[in-house]
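Keep the 3D view open while you read, and look up each spot as it comes along.

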Amino acid sequence: MKYLNSYFTFATAIALFFSFQPSSADSHENFVRCLYNYPHITNTISNVVYTQTNSSYSSLLDHTIEIRRFSNSSSKPLVIVTPLDVSQIQATIICSQRHGLQIRTRSGGHDYEGLSYVAQVPFVLLDLLNLREITVDEESRTAWVQSGATLGELYYSISQKSKTLGFPAGSCASVGIGGHFSGGGYGFMMRKYGLAADNVIDAHIIDVNGNLLDRQAMGEDLFWAIRGGGGASFGIIVAWKVKLVPVPSTVTVFNVSRTLEENATEIIQKWQLVAHKLDERIMIKVDITRVNSSQHGKLTIQARFMSLFLGGVEDLIPLMQNSLPELGLDRNDCKETSWIGSVVFYNALLIGSSGNEPPESMLNKTQIRFGNYKGKSDYVKKPIPIEGLRGLWRLLCDAKVEYAILQLAPYGGIMNEISESEIAFSHRSQYIFHIHYWVTWQEEGDGIAQRHMNFIRREYKYMEPYVSNSPRAAYINYRDLDIGVNNNGYTSYTQASIWGLKYFNNNFKRLARVKTKVDPNNFFRNEQSIPILSMEKILNYF
């Protein structure tokens, strides 16, 4: 990342230059004019600025919108900027402030509430799609990756350099690096190596004054905050330096389904007791959904057990026979592959392909879209009793929805060893597994959407007695505006705590302190951005 030193010294001077310019009407025309007049632009910025009259505006806006109900929103950006370098981001930050426009930043477009590209106020969309450079250094076991790259591109780049290095992050190849890393980022190697954010060792962020800062320049407080605290509250994170992790040349995957008639309830009961206690080399996730029963005209529940084991099948089978014999796993259920092969395998399950694609499939930028969906999350401290599970099965079978799923991901392993205050992501040893609720639909119409949203809210309400409380914990990367939102203008720390404590628990106040220091006027904000502390709160904090 060669750009750091060249932009560090003059950005503040440029910000001061603009602050003394005469005031003008706040409009996107003046914003665009400000961009064109911005000094020290290294590439012609007019080529990456799209107003609503530009013929490419709509296709550019829609190209990574994962949730179709937001593509028809009237809350669209006045201008889209697709920067090629740091200077164009600096110009966008300074000119947005000067002309009263907010910024929303998009890397992959997977924000569950569309906050990376939808707003109820006049705003500019900063789309990082052109910033996707990846540099892998096999010798130092590190990589620099820009925020506009996808997980699939990172995985592929690592695999081209080494067969025994990997990176612990999510399963969906089309997810953008920027949002995934800044929110935490968990995946199949979480129990062995932690979250993606646990393995970030440096970053480049552009702050509210347009300064480009690395870890040393930003300081440890801000570097702590952007690892799990959501980067959009603090600035524009351009790139991340990550620590790569060793993986064996052979790993083993399996994908085994059981229905209620095949004792799925009893297997899940046992899974709750053992999954978080297993050897840290193994992760067994469970997807639970409604399917057609073998009995004609009836519905049942199917649990799909999916695993990555960092080793060969000869070691996996005895481990499973000793810890979860109820699943009845045998060698024929398992597939030995490379680490990159396992990534391809699980991405294929998500998008409905064969799983036999080459690693180059990780570079596919137009993977399947899910239509419309809504997500929620929970954390569990003790096993859900069997009567709780059976009530959940009834709820799923009675649901008038196209598709609903619960995904259970076990904790334990290294997640128990990392302090909840090590980075901003706080959900650690206090939990045995995480729940991701997800409902999706293809049929259009406000009534259809409301029916599906009502169902997932009813499901969430049903689960309340069985999950964490005070606060009821949630995961920021499965953003959920139902748990609370900020005001359009100033939001007090107390009001923001309604949702903030759910995402960040005891780390929320430190996040607010960092926010107040680095963005005191709260320029980088959205419906769930970290609030600034009032002077009274600042004094009380210290």
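Predicted model: local features only at pLDDT ≥ 70, side-chain atom pairs only at ≥ 80, totals over all residues.

**The seven-stranded sheet**

- Strand 12 (residues 251-259) and strand 14 (residues 299-309) run antiparallel, and eight bridges join them.
- These two belong to an open sheet of seven strands, and if you walk across it you meet them in the order 15-12-14-13-17-18-16.
- The pairing in this sheet is antiparallel.
- Which strands sit at the edges? Strand 15 and strand 16 do, since each of them pairs on one side only.
- Neighbouring strands here are turned against each other by 15 degrees on average, if you ignore direction.
- A handy thing to know while you look: in a regular strand, side chains alternate between the two faces of the sheet.

**Strand 10 and its partners**

- Is strand 10 (residues 236-243) mostly covered or mostly open? It's mostly covered, with six of its eight residues buried.
- Strand 6 (residues 142-146) runs antiparallel to strand 10, and five bridges hold the two together.

**Salt bridges**

- How many salt bridges does the structure hold? There are 22.
- Some background first: side chains of opposite charge can pair when their charged atoms come close.
- One of the salt bridges is between the side chains of Lys192 and Glu280, at 3.3 Å from N to O.
- That pair links distant parts of the chain, 88 residues apart: Lys192 is in helix 9 (residues 190-193), while Glu280 is in the loop between helix 12 (264-274) and strand 13 (282-292).
- Lys192 is partly exposed, with a relative accessible area of 23%, and Glu280 also counts as partly exposed, at 29%.
- Another salt bridge brings together the side chains of Lys270 and Glu326, at 3.1 Å from N to O.
- Lys270 sits in helix 12 and Glu326 in the loop between helix 13 (313-323) and strand 15 (334-337), so this pair ties together parts that are 56 residues apart in sequence.
- Glu326 is partly exposed, with a relative accessible area of 38%.
- Now try Asp480 and Lys376, which form a salt bridge with their closest N and O atoms 2.7 Å apart.
- They come from distant parts of the chain, 104 residues apart, with Asp480 in the loop between helix 16 (446-462) and helix 17 (493-504), and Lys376 in strand 16 (residues 372-380).
- Are Asp480 and Lys376 buried or exposed? Both are buried.
- This pair is also part of a network of salt bridges that links Glu113, Lys374, Lys376, Arg457, Asp480 and Asp482.

**Cysteines**

- The structure holds one disulfide, formed by Cys34 and Cys95 with their sulfur atoms 2.1 Å apart.
- Why is this disulfide called left-handed? It's because the torsion about the S-S bond of Cys34 and Cys95 is about -80 degrees.
- The link spans distant parts of the chain: Cys34 is in helix 3 (residues 28-37) and Cys95 is in helix 6 (residues 86-98), 61 residues apart.
- Both Cys34 and Cys95 are buried.
- Cys172 has a relative accessibility of 15%, and so it counts as buried, since the cut-off is under 20%.

**Cavities**

- A search of the whole structure turns up four cavities of 30 Å³ or more.
- What is the volume of the largest cavity? It comes to about 120 Å³.
- The largest cavity is lined by 14 residues, and the closest to its centre are Ala169, Gly170, Phe188, Trp339 and Val343.
- Helix 14 (residues 339-351) gives the most to this lining, with four residues.

Key: Residues numbered from 1 in each chain as written. Heavy atoms only, no water. Buried < 20%, exposed > 50% of the residue type's maximum accessible area, 1.4 Å probe, protein only. Pairing = 2+ DSSP bridges. Salt bridge = Lys/Arg side-chain N within 4 Å of Asp/Glu carboxyl O. Disulfide = S-S within 2.5 Å. Axes fitted to C-alpha atoms, helices over the stretch in contact; angles between N-to-C directions. 1 Å grid on protein atoms, 1.4 Å probe; cavity = no way out; pocket = protein on both sides within 12 Å on 5 of 7 lines; lining within 4 Å. Points joined across faces, edges and corners; volume = space filled by probe spheres on them.
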